[in-house]
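User: I would like to go through the aromatic rings of a protein with you, step by step. Could you take my questions in turn?

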Amino acid sequence: MNREDRERLERRQRMLAREQGSAPAAPAPQEPQRRRPRAEQTPPRSAKQNPPPENPKIKSISVQLQRRQRRRTTLMIAAVLVIAAVLAVASGLFSTSIAMLGDLTDSIVLSFNRAGGGYPASTGIRTPLQVEELAGGFVELDSGDVAVYSAYGARIRAFQPGYARPTLAVGNTRFVVYNRAGSELTVHSRTRQLYAKTFANPIMLCAMSQNGTLAVVTESDRYAAEVSVYDPSFRNDPYVWKITQEDGTPIVLSFAPDNRRFVAGTVAARDGQLCTAVRFMNLSSDTAGSVYQADTGSMVLKLQWLSSSRVLAVFDTYLTVLDATTAAEVSRYDYGGSTLQSVSSSGKGTALLLAIRGGNTLVTLDDKLTPMAMIPAGQAEKVTCTATTIYLLTDIGVESYSFDGVQNWSKDLGMRPQAVLDAAQTLVFTPGKAEILTGD
């Protein structure tokens, strides 16, 4: 087809289009477009996976509420403590609690401070007058020095009381040093001196309970003696017991495990004879308690609480267990004319060293004072017992026995031991030294 023919054909098509309407001419065919692959849609995250942003105002309010709650709790605790303190002061317990807190602080400090500790320990005291257990450690006294050691064998402190006749009385974590030739005393914890006091009359005797309550027996211008009992703070007015001539003079005193009762052994001369009594006292009462009258001519040597209801009373001619409520004899053992050299009791058993026919004999008793064994003891001079073991101090060492009389071992120290102490570990003392006692 030539050009003219194409033009005629186009004009004819336009005319036909005008006749049929104004329909546009069909567009020229185009190449179809390629569709892009549809992107995979990720499912929306749950609220837990994509939490909504926190409102800062709500968060601020929550913090304020928590602070208010803590403040209320703190105020409530403080109020409870104040009320408890008021009640404690009213009931006389606050000073005791403060004293116990100080003792607890000492224990914590000493448990971390063990520098130079361990056994054997060189004490420097060659001729001790007393060696006493002190909170698992010990306190040792000679005529001029006092040395205090922890349960770990570390030397805590040493001092010179400067008394003509120094004597010790020990509680659980405290002790008192007093002058039996004067009227002065000092109360000590393991780490420091706590109190000092001078009395108007000479001191005859001191005793200390497990919580630090202190009883001081002094001479009196009007009475046979006076007993003043101070609480552990040593600040409040003491309990005072004025003892008449009829009651006698206290020479032994011991506190009960509850720290509120004590028993006193008194002596008096009547019709030319020595009369001894054991009197039970209660700090909550102004009246005397039950009284036990010992055999005429017998002297009380030691009083020891075996439990809250039983007391072991040791006399120079016999020993007996007394009921703490009625003061009646529960059991008794007579020496049969022998001389008492030494006695020790653990509460579960008692060991006696008696001089019989020119030699010494070790006698073991059960908790009812029934004899269990009699053992020749040669020239031994002292006995110490624990709940299960008896230690006999000989002229050259220590022998160990069970209460049924069987010998466990014998240890030669090459010298006379001065003391055996049932502390955190069983210790034996020789001049200037303390070491752990074993049968090795």
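Analyst: Y195, F199, Y230 and F234 form one aromatic cluster, where rings of Phe, Tyr and Trp (its six-membered ring) pair if their centres lie within 6.5 Å. This is a predicted model in which local features need pLDDT of at least 70, side-chain atom pairs count only at pLDDT 80 or more, and totals for chains, interfaces and linings use all residues; pLDDT is the predictor's confidence in each residue, from 0 to 100. Residues are numbered from 1 along each chain as its sequence is written, and side-chain values use heavy atoms, leaving out hydrogens and water.

User: Which charged residue sits over the ring of F199?

Analyst: A charge sits over a ring if NZ of Lys or CZ of Arg is within 6 Å of the ring centre and within 35 degrees of the ring normal. For F199, the charged end lies 5.4 Å from the ring centre, and the residue is K197.

User: Why is the pair of F138 and Y149 called stacked?

Analyst: Planes under 30 degrees apart count as stacked, over 60 as edge-to-face and the rest as tilted. The ring centres of F138 and Y149 are 4.9 Å apart, and the pair is stacked because the angle between the planes is 10°.

User: Is F138 buried or exposed?

Analyst: Buried means under 20% relative accessible area, exposed over 50%, and partly exposed in between (1.4 Å probe, protein chains only). With a relative accessible area of 0%, F138 is buried.

User: How far from the ring centre of Y318 is the charged end of R332?

Analyst: Y318 is itself buried, at 0% relative accessible area. The charged end of R332 sits over the ring of Y318, and its distance from the centre is 3.7 Å.
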